[in-house]
Amino acid sequence: MECSHDFQVLRDRAISETFVRSFEAHEEIGSTNTRALELAGRRDVEHPCLVIADRQTAGRGRGANRWWSSSGSLTFSLLMRPDVERLPLARWPELSLTVGSAVCASVSSFIADGDVRLKWPNDVFLNGRKVCGILVEVPPSSTGSIVVGIGLNINNSVDHAPEELRQTAVSLCDVYGEQLSVSDVLVSVVQELERQFNWLSDDVDRVRQAWRKHDLLLGRTLTIGDERKTVTGTATGIDDDGALLLQTEAGLQRMYGGAVQSFE
Ligand code: BTN
């Protein structure tokens with residue numbers, strides 16, 4: 001199968017235009033997140049390290065989600081070490097939301113009139129459909145590193161997606177009307193990530209405004225939980241620490257985890 005990316009261009013631009021310091025490219029791999037988690041234990045890998053793949057055979061998502069990607073999509077993971085002094089991993093929900101709002105900012109810069117939303121904690125929706133999935137993980141062996149995995153539909157029109165995704169997913173090219181430069185999008189997403197992670201340490205109000213500006217769930221009735229327990233209520237916003245605020249029959253609840261199973 002032909003590779004849809006020019007890895008040399010992606011590498012050169014990532015290294016020269018962003019904070020990425022090392023780069024690994026694969027035509028095919030199980031999951032870029034799994035590979036980045038492996039690299040976290042290696043001393044010879046400079047951070048931030050970007051692992052990119054043309055195709056994933058076992059792309060992972062949050063909970064039971066899997067990630068569909070095909071030729072023309074952007075699938076990568078960034079192994080990075082946020083400044084742990086200033087940005088402790090205890091601020092996990094904020095880290096996770098910030099990745100989502102960085103992608104929102106980047107997508108908005110390409111699709112100026114698009115309705116770009118952040119579905120807590122970090123799915124990105126474009127015109128009511130999911131355009132990007134994000135999986136943030138902490139390597140078990142390495143303190144201070146995180147892996148930020150991003151799957152963004154760019155030139156893989158959902159016309160070619162499996163039937164069940166055609167109504168719920170979208171690709172940038174479906175809205176933009178023509179193909180985009182994958183390297184432009186990669187550079188923009190990584191630059192936005194760096195910018196918003198810096199806000200998280202230096203100007204936290206600014207990043208909170210960014211999550212709230214794009215909040216998809218605000219005012220909606222939703223059900224959140226896992227296979228053991230679900231909670232239904234109305235979303236009243238995102239708190240300063242990244243918790244989803246849910247007004248339920250039992251009162252206001254603060255959600256830090258769990259998948260939003262449905263919303264209306
Ligand atoms: C979700 O929608 O639940 C998250 C999907 C995250 C997919 C990306 S693609 C790159 C990286 N590698 C993976 O295996 N998953 C993430």
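Start by selecting Arg62 and the ligand: a backbone N or O atom of Arg62 lies 2.8 Å from an oxygen atom of the ligand. That is a polar contact, meaning a pair of N or O atoms within 3.5 Å; within protein, one must be able to donate a hydrogen and the other to accept it, and residues adjacent in sequence count only if both atoms are side-chain atoms.

Before moving on, note that this is a predicted model, where local features need pLDDT of at least 70, side-chain atom pairs count only at pLDDT 80 or more, and totals for chains, interfaces and linings use all residues. Residues are numbered from 1 along each chain as its sequence is written, and side-chain values use heavy atoms, leaving out hydrogens and water.

Select Lys130 next. An N or O atom in its side chain sits 2.6 Å from an oxygen atom of the ligand. How much of the ligand's accessible area does the protein cover? It covers 100% of the 420 Å² that the ligand has on its own (Shrake-Rupley method, 1.4 Å probe; for residues, only the protein chains shown count as cover).

In total, 21 residues surround the ligand, each with a heavy atom within 4 Å of it. Ser31 and Asn65 are among the closest. Colour strand 6 (129-137): it gives the largest share of the shell, four residues. Strands and helices here are DSSP runs (strands E, at least two residues; helices H or I, at least four), numbered from the N terminus.

**Strand 2**

Go to strand 2, residues 49-56. Is it buried or exposed? Eight of its eight residues are buried, so the strand is largely enclosed by the rest of the structure. Buried means under 20% relative accessible area, exposed over 50%, and partly exposed in between (1.4 Å probe, protein chains only). Cys49 has a value of 3%. Show strand 1 (residues 22-29) too: the strands pair in the parallel sense over seven bridges, where pairing needs at least two DSSP bridges. Gln56 is the bridge partner of Ile29.

**Ser181**

Finish at Ser181, in the loop between helix 4 (172-176) and helix 5 (182-202). Ser181 is partly exposed, at 32% relative accessibility. Its side chain makes a polar contact of 3.3 Å with the side chain of Ser183. The side chain of Ser181 also reaches the backbone nitrogen of Asp184, at 3.0 Å.
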